[in-house]
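Please look through the sequence and the model below before reading on.

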Amino acid sequence: MSSQGDPAQPGPEGGRSTLSAEEDAKWLQWVTRQFEAIAGEDREINLQEFKAALNVKESFFAERFFALFDSDKSGTITLQELQEALTLLIHGGPMDKLKFLFQVYDVDGNGSIDADELRTVLQSCLRESALSLPAEKLDQLTLALFQSADRDGNGAITFDELRDELQRFPGVLENLTISAAHWLTPPAARPRPRRPRLLTPAYWHNHRSLLLCLAAYAGLHVLLFALAASAHRALGASVMVAKGCGQCLNFDCSFIAVLMFRRCLTWLRATWLAQVLPLDRNIQFHQLMGYVVVGLSLVHTVAHVVNFALQVHSGASPFQFWELLLTTRPGIGWVHGLASPTGVALLLLLLLMVACASACVRRSGHFEVFYWTHLAYLPMWLLLILHGPNFWKWLLVPGTLFFLEKAVGLAASRMQALRIVEVNLLPSKVTHLLIRRPPLFHYRPGDYLYLNVPTIARYEWHPFTISSAPEQKDTIWLHVRSEGQWTNRLHEFFQASDPVGFGPKRLSRSLRLRQSQRRPQGVQPQPVHSGAPAQGTVATSKDAVVDLVSYREGPAWQGGEDRACTGTEREAAAPWTASSAAPAPEMPSENHQFCNIKCYIDGPYGSPTRRIFASEHAVLIGAGIGITPFASILQSILYRHQQRKRVCPNCQHSWTSGIQDEDMKLRKVDFIWINRDQRAFEWFVSLLTRLEMEQAKEAERDRLLELHMYMTSALGKNDMKAIGLQMALDLLAEKEKKDSITGLQTRTQPGRPDWNKVFQKVAAEKKGKVQVFFCGSPALAKVLRAHCADFHFRFFQENF
């Protein structure tokens, strides 16, 4: 019922009233049209029709609005009654609107609001905002707002007391008086993201390396085409075009693979070339070159077909047209006349690869089709060598690098089978995997790897961002969102694992496991981050909360079969999984399993987020599971920040050293996490709690990290159905020093961020050059890219 877009931005007073009148007029027209469409011939609507007409879904608010609009208490509302009530809201003053709000809250109509009525209102507000809190927390919210508003302590809130309470929250009162259209907002289409203006200074600032590479790429093609065409100008226009396109194809078909050399690209990211080349756009360049290859191949083929037709028509060739095109008899080509047949085969293979590489195939659960057809590049290279006399020269260097990269990758990934030692099934079908870390596996925050689990699919490799910090020595964390065929099978495999039924000798096996997991004397657990876990931080949490401790792996599991642990085995192993300073929270066995599943990894590989530590002011924006690369980065930031700390041995006073190491130039980090619903925050709430605890020990001006949390399903203070709830949440957060939704000190903001205000605040801090790093949906990336261009911020996007 209420738009959940960016909050309204009122301008000067004169402009505000004009805007409000326009919005109100449009809204009244919309209500009238809805009424006429639903009321029918009797020109009256009942409660159910009223809910449908005004798009009101919550029964409490629908009934209260209906009762107030039904002035004659007839059980139906006429158009006149509806318009009279709404006109009063539109043209009435602030007190008229506050009186209407008071009447909505005053359920029994006795002129005051008691605690039970307020609880009913807040409960309905929670449902409207898709929030679920325990009954005890709802009682606390009710009491916080009731006790604050009930100034005289007589057990009831009067209109004057509600007015005084609203005046304590200027934002609430202002939103109530901006426009009545915010009370019952009709559904509106979300505005299309604004495209950045091309070739402006801001656009050049964000895309200069990309534009330079595109210009160099286009210039190289013009040069290659011109040289080849001029060398064959005596043979006619069709041959000139064919040879020019062929020379460009020599370059494209050999270089296109270089863009997918992940190890080479990872090495380049650590050099100065990362500042010059658009390495983050390698996949887009690969796709672009693929389309160029298709276009040039079609032109190349058509030019040869025209040349063959001209030869047959003029009698210059003794062969038929089909012989020139499909056979080796004319002797065209440098290897036994294979140019024509190999050209036809190449074109067919190329069209098959392009068709199977389309987004509709890759994202529709048929990734295997894309994967296997894309392997046709190997026979394509062989056919190209037979087809063109000079292609092998172009392929010599890229082909050598390609086979070296593949050989190294195959050797590294298959050298030793690893084990998934622990699994957490988190909300929103997120599978948290803990993999035993190989001794020589060195990576940087934000890197990703390719994972192969033979139990799920023997030949499939899928990329996932590493969510654990490099400083965590024992295990590698992966958080896998179930969105495709393979990821769903992975989640269902662990969900279906029987935690109890592994044979009759369950206790004996548990005892053997306890003995095998026993630590040598004197070895102490080494947490990555000490501190108490965030137990119960998310009010609705009944699932596992990720704890910030290093998984202390015992000796290798006995036996080679892939299996999950029994419930008793889990209890036996649990004492050895975390440090005493940060005990692991109790987790249900169906959501938290120890296991011994064989897997292989290929990596690590670099990503755009490697630039974060070279930034001065980094803005990290994650949407949903897009927090994954930032989880590793935030943990590493905390670790490095702790390394800078100095403690006086006499007074124990601590401070942060101003000396910055070469790898970390950060002066400020803003982390913005946007989630659709409440349960999504459970993924990494423990990490964020720990970060806040560390920041709280420092003076505000010295704090490196600032958190910003947004929940898009929650209604904001500009919506009538959320005013009371947001006031109560603010009051309880002020009292308890933590947010009721996440348990963090940072208050969760309802709705979506107002990016103009967010970036204005970032720019005003003047902490150095700002770089924005985003991981999330492509639609939001377009919006952020446009805003970054306006503020002259560098924008980097992590590709899924």
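## Helix α5 against helix α8

The structure shown here is a predicted model. In it, helix α5, which covers residues 94-105, and helix α8, which covers residues 159-167, have axes that come within 10 Å and cross at roughly 115 degrees. Because angles from 65 to 115 degrees count as roughly perpendicular, α5 is described as roughly perpendicular to α8. The crossing in which α5 passes α8 is right-handed.

On the α5 side the contact is made by M95, L98, K99, L101 and F102, and these meet F159, L162, R163 and L166 on the α8 side.

## Helix α15 against helix α18

Helix α15 (residues 339-356) packs with α18 at an angle of about 155 degrees, and the axes of these helices are 9 Å apart. Since an angle over 145 degrees counts as roughly antiparallel, α15 is roughly antiparallel to α18. The crossing of α15 and α18 is left-handed.

The residues of α15 that take part are A339, T342, G343, A345, L346, L349, L350 and M353, while α18 contributes Y377, M380, L383, L384, L386 and H387. The contact of α15 with α18 consists of 11 nonpolar and 3 polar residues, with no charged ones.

## Aromatic pairs and a cluster

The count of aromatic pairs comes to 22. One of them joins Y377 and F402 in an edge-to-face arrangement, with 5.4 Å from centre to centre and 90 degrees between the planes. This pair links distant parts of the chain, as Y377 belongs to helix α18 (residues 377-387) and F402 to helix α19 (residues 391-414), 25 residues apart. Y377 is partly exposed, with a relative accessible area of 23%, whereas F402, at 6% relative accessibility, counts as buried. Y377 and F402 also belong to one aromatic cluster, together with F261, W381 and F403.

Another pair, formed by F773 and F796, is stacked, with 5.1 Å from centre to centre and 20 degrees between the planes. F773 lies in strand β15 (residues 770-775) and F796 lies in strand β16 (residues 794-797), so this pair ties together parts that are 23 residues apart in sequence. F773 is buried, with a relative accessible area of 1%, and F796 also counts as buried, at 4% relative accessibility.

## Buried residues in α20 and β6

Which residues of helix α20 are buried? In this helix, which covers residues 485-495, the buried residues are W486, T487, N488, L490, H491 and F494. What covers these buried residues includes several strands, namely β3 (418-426), β4 (430-436), β5 (448-452), β6 (462-465), β7 (475-481) and β8 (592-605).

Is T465 buried or exposed? T465 has a relative accessible area of 13%, and because buried means under 20%, T465 is classed as buried. Leaving aside its neighbours within four places in sequence, T465 is in contact with G446, D447, Y448, W477, L478, T628, P629 and E798.

Notes
Residues are numbered from 1 along each chain as its sequence is written. This is a predicted model: local features need pLDDT of at least 70, side-chain atom pairs count only at pLDDT 80 or more; totals for chains, interfaces and linings use all residues. Side-chain values use heavy atoms; hydrogens and water are left out. Axes are lines fitted to C-alpha atoms, for helices over the stretch in contact, and angles run from 0 to 180 degrees between N-to-C directions. Helices (H or I, at least four residues) and strands (E, at least two) are DSSP runs, numbered from the N terminus. Angles under 35 degrees count as roughly parallel, over 145 as roughly antiparallel, 65 to 115 as roughly perpendicular and the rest as oblique. A crossing is left-handed if the near helix is turned anticlockwise from the far one by less than a right angle, and right-handed if clockwise. Contact means heavy atoms within 4.5 Å. Rings of Phe, Tyr and Trp (its six-membered ring) pair if their centres lie within 6.5 Å; planes under 30 degrees apart count as stacked, over 60 as edge-to-face and the rest as tilted. Buried means under 20% relative accessible area, exposed over 50%, partly exposed in between (1.4 Å probe, protein chains only). Ala, Val, Leu, Ile, Met, Phe, Trp, Tyr, Cys and Pro count as nonpolar, Asp, Glu, Lys and Arg as charged, and the others, Gly among them, as polar.
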